[in-house]
Structure formats: C-alpha cells, structure tokens
Amino acid sequence: MCIRDRDYTRPEAEKEMSSILALQRFAVVIDDNRGCLSRWFGKMEPQSVRASMLALAVTAIGGGVLSLPFVCKLCGLVFGIILLILGYATSMWSFSMIIGVTERIGTTRSFKEFCLKTGGNKLMLFYNMTVIFTIYGTLIGYQVIISTLIQRILKSFEVPNSEDYKVLHTVILSCVVIFPVCLLKSVNNLRYATILSLTSITYTCVVLIVELPMYWSNSKTERKITLFNLDWGFFDAFGITFFAFMSQTGFFAATEKLEKRDSSHLNAITVRAVTINLAFYFLITCAGFLSTLDDTKGLIIDRAPPFEGKDYAMIIAQILITCSLTIGVPLNYVPVRSAVFEQIFTHHEYTFPRGLISALIFASTTCFFTVYIPGIQTVLSIVGGFGCVAISYIVPLIGYLSVFRDQPKRCYVYILISSTLVAIGFGAAINAILELVWKQLSSKSSSSSNKNLSLIHI
C-alpha cells in the first residue's frame with residue numbers, strides 16, 4: 001500500500017506520519033546546505049558574484065595596507081579602529097552612488113564611460129588626470145617601500161652601514177630594475193602577478209598574528225596601549241585610511257563579466273568585497289600595532305624581531321613584498337603611460353622612442369622623490385588625501401548630481417557629506433606636504449649649522 005493511501009486519522013499512524021514529515025524537513029535542510037556549499041566552495045565561473053567580489057576586494061589590497069598599524073600610533077587604537085569603520089562606511093556610500101548612477105544611465109563598462117555619460121569630456125579629463133596622479137604617487141610609494149625593505153633585509157643579515165646608503169640603494173633600484181621594466185610594451189605576461197601580491201600580503205598578515213604573543217612575552221618593559229590621541233597626525237591617519245579603501249577604479253572591470261548586473265547583485269558584490277577588506281585590514285592593524293605599540297613605524301614589517309637572532313619568517317615576508325611590489329611597478333606604470341600618450345599625442349600607440357623617453361622621465365623623477373621623502377606614510381597621506389578622495393567622492397558625486405536632479409534634498413545631503421570628506425582629505429595632503437617641506441628645511445639648516453661649528457672649531 002502506498003504512503004498516500006494510508007489512513008493517518010488512526011492514532012497508531014500519527015507517529016508514522018510525524019516521522020515522515022521530519023524526514024522531509026531533514027531532506028530539505030540537506031538540499032539547502034548543499035546549495036550553500038556549492039555556492040561558497042564550488043567551481044567559480046568568471047561571470048559569478050564570487051568572482052566579481054574577489055576581484056574587487058583584491059583591487060584595494062596592496063602594499064599600502066602595511067601602513068595601517070601606523071594609523072593607530074598616530075591617533076590611538078580606538079580612534080584607529082573608528083577610522084577603519086569610517087573608511088568602510090564612506091567606501092560603501094561611494095559605491096552606492098556609482099551603482100545608482102549606473103542603473104539610470106544604462107550599461108557602463110568603464111569609469112571613462114561613466115564620466116562621459118554623466119559629466120562629459122571635462123569630467124573624463126579630470127578623472128584621467130586624477131588617476132595619473134594617484135598611480136604615479138602610488139609607484140613612488142612602491143619604491144619607498146622597496147628601498148626601506150632592502151635596507152631592513154641587509155640589516156637583518158648584518159651588512160655594515162646598510163642604512164647609510166639609502167641614496168645608493170634607490171639609484172641602483174631605479175637604474176637596474178625600474179627603468180628596464182618600464183620599457184615593456186605590454187604587461188600581459190605579468191597578469192598573474194596579483195596572485196603573488198595577495199599571497200605575500202596574506203602571509204605577512206599570518207606572521208604578524210603569530211608573532212604578536214612573542215612581543216608581549218619577551219618584552220622587558222611595561223607595555224602601555226595608547227587608546228586615544230588627537231594631534232596633527234590625525235590628518236595623516238585619514239589620508240592613509242582613504243588610500244587603503246580606494247577600489248572604485250576596479251569596480252567596472254570586476255563586474256564586467258557579471259551575468260546579472262542589476263543593482264541588487266552589484267550592491268551584494270560591493271558589500272561583500274569591502275567587508276572582506278575591512279576584516280583583513282582589522283587583523284593587520286591590530287596585530288601590527290599591538291606588537292610594537294609606540295615603536296610602530298610607517299611600514300609595519302620594518303621592525304626589530306621579537307627575540308634575539310634573525311626573524312626568518314619576517315625576512316621571507318619582506319622578500320615577498322619586495323618582489324611583488326617590483327612586479328607591480330610595470331603593472332601600474334603601463335596604464336599610466338597609455339593615459340599620458342592619449343592626452344599628448346594624436347596617434348597614441350606605443351613606439352620605442354616614446355617608451356624610452358617616458359621611462360627615463362619616470363625612473364629619474366620617482367628616484368628623486370624616493371630619496372627625499374622620509375617615509376611611506378607621507379606618500380600615502382598625499383596620494384590618499386588628493387587622488388583617492390577625488391576618485392572616490394568627487395567623481396561619483398558629480399555623476400550622481402547630473403543624473404539625480406529630481407531628488408534635490410538627497411543631493412544636498414550628499415554634497416555636504418562629500419564636501420566634508422574632501423576637506424579632510426585635502427587637509428591631510430596639505431598637512432603632509434607642509435611637514436615634508438619643514439623637515440627638508442630643518443635638515444638643511446641643521447647641516448649648515450654643523451658645518452659652521454666645524455669651521456669655528458678648526
């Protein structure tokens with residue numbers, strides 16, 4: 001007799017019916033769990049939400065995140081975490097503007113197309129110049145990090161006077177590495193370098209977490225955690241945070257192959273991607289700052305080991321970061337070179353004479369700035385305050401205002417928010433520039449006074 005033919009009105013059949021219903025509910029749960037597992041850990045197609053989410057998340061993760069622990073040194077642990085949350089919230093707000101505009105103007109495959117459809121050629125020119133400035137500054141930051149890490153690696157292997165040859169290291173780096181790689185016509189063969197960058201940053205994060213207890217157990221002095229600190233360094237902390245969360249330029253490339261590009265899917269991608277970034281940044285920030293506290297430097301892996309002897313785990317991290325950033329130079333330089341050629345030449349195709357001249361200019365100017373800039377935090381404050389703020393908040397706001405003129409109240413609120421963020425960002429950049437100029441003038445005056453004293457002594 002079939003199950004459906006049984007009479008479940010009889011008392012003795014009630015238990016059998018309840019067991020059948022329980023089995024049905026269990027089967028549904030199993031089926032749902034398999035669906036979740038397949039969505040989370042199954043094969044990842046290029047047009048899937050997970051692929052777009054990871055591509056967008058990786059866009060923001062780079063060498064600049066290694067300066068996030070320095071934010072806590074500048075403004076304290078609590079304010080540092082608050083800045084991370086603020087960077088997360090403002091980044092989500094920026095993406096919401098971009099998605100809202102994209103939904104109204106139709107299919108948009110690049111940021112340039114976004115600018116053309118909303119602000120015309122003027123907005124596109126502003127965007128191009130901002131991107132050139134941002135990536136150029138980022139590449140200077142790369143060289144500052146590479147130069148710092150080379151000195152730290154040499155010091156780890158007890159090379160004498162390694163810190164006294166910063167200029168020599170930088171010049172050799174520019175001539176032997178930076179200049180040749182900038183002559184490349186294309187970077188298609190380096191398209192998998194992002195994997196190396198992500199691997200090196202992840203490995204560094206693991207080392208920071210593992211070594212955190214060692215710094216506390218081997219400390220010979222009382223360790224005090226600064227929770228709050230308000231001074232002019234607060235502006236630098238803002239600039240570094242803005243730089244860390246800037247991934248808007250990769251939004252359209254990350255979602256280009258997405259099968260469904262409606263607002264719900266795009267919002268889901270941005271929320272998950274920026275949340276991944278926030279969690280990753282939180283781990284690096286807390287593990288890095290709580291290890292070295294007030295001794296935290298602008299680059300968290302530029303630090304003394306927690307024990308006597310060589311810290312080979314951190315040396316490996318330093319070598320990996322150095323290699324990934326060196327490969328990252330041509331990956332970022334070639335698009336900037338193409339953008340410059342588009343602005344200058346009518347026929348903007350690559351030729352060897354053009355490539356040679358642009359590589360010479362780039363290598364020499366970045367070498368000059370790398371020598372005179374005291375640390376990576378200065379670069380990130382300037383680039384984050386000017387370039388990243390403009391790309392993340394000014395360009396999307398202009399696009400939003402041009403499309404949503406029928407919502408004046410919301411536009412006024414967005415203008416107020418964006419104006420506040422731009423004022424803070426520009427303030428951070430100006431403050432970093434003034435500090436840089438003051439340090440250079442102070443060093444020159446001190447060196448001249450030392451020379452005068454030596455002459456008097458003679």
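User: At what angle do helix 4 and helix 5 pack, and how far apart are their axes?
Analyst: Helix 4 (residues 77–105) packs against helix 5 at an angle of about 65 degrees, and the axes are 11 Å apart. Axes here are lines fitted to C-alpha atoms, for helices over the stretch in contact, with angles from 0 to 180 degrees between N-to-C directions. Helix 4 is therefore roughly perpendicular to helix 5, a label for angles of 65 to 115 degrees.

User: Which residues make the contact?
Analyst: Helix 4 contributes Ile98, Val101, Thr102 and Ile105, and helix 5 contributes Phe111, Phe114, Lys117 and Thr118. Contact means heavy atoms within 4.5 Å.

User: What kind of model is this?
Analyst: This is a predicted model, in which local features need pLDDT of at least 70, side-chain atom pairs count only at pLDDT 80 or more, and totals for chains, interfaces and linings use all residues. Residues are numbered from 1 along each chain as its sequence is written, and side-chain values use heavy atoms, with hydrogens and water left out.

User: How many helices and strands does the chain have?
Analyst: The chain has 14 helices and 0 strands. Helices (H or I, at least four residues) and strands (E, at least two) are DSSP runs, numbered from the N terminus.

User: And how much of the chain is buried?
Analyst: Of the 458 residues, 45% are buried, meaning under 20% relative accessible area with a 1.4 Å probe, protein chains only.

User: Switching to helix 6. Where is its kink centred?
Analyst: The kink in helix 6 is centred on serine 174 and is about 40 degrees. The bend at a residue is the angle between axes fitted to the seven residues ending there and the seven starting there. Serine 174 is also one of the buried residues of helix 6, which include Leu173 and Ile178.

User: What do those buried residues pack against?
Analyst: The buried residues of helix 6 pack against helix 5 (111–156), helix 11 (312–344) and helix 12 (352–372).

User: What about helix 8, how many of its residues are buried?
Analyst: Helix 8 is mostly covered, with 10 of its 12 residues buried. Among them are Phe238, Phe242 and Phe243. Helix 8 covers residues 233–244 and reaches 17 Å from its first C-alpha to its last, close to the 16 Å expected. The expected span is 1.5 Å times one less than the number of residues.

User: Which phi does leucine 293 have?
Analyst: Leucine 293 has a positive phi of about 50 degrees, although it is not a glycine.

User: Where is leucine 293, and is it buried or exposed?
Analyst: Leucine 293 lies in the loop between helix 10 (263–292) and helix 11. Leucine 293 is buried, at a relative accessible area of 6%.

How values were computed: Buried < 20%, exposed > 50% of the residue type's maximum accessible area, 1.4 Å probe, protein only. Parallel < 35°, antiparallel > 145°, perpendicular 65-115°, else oblique.
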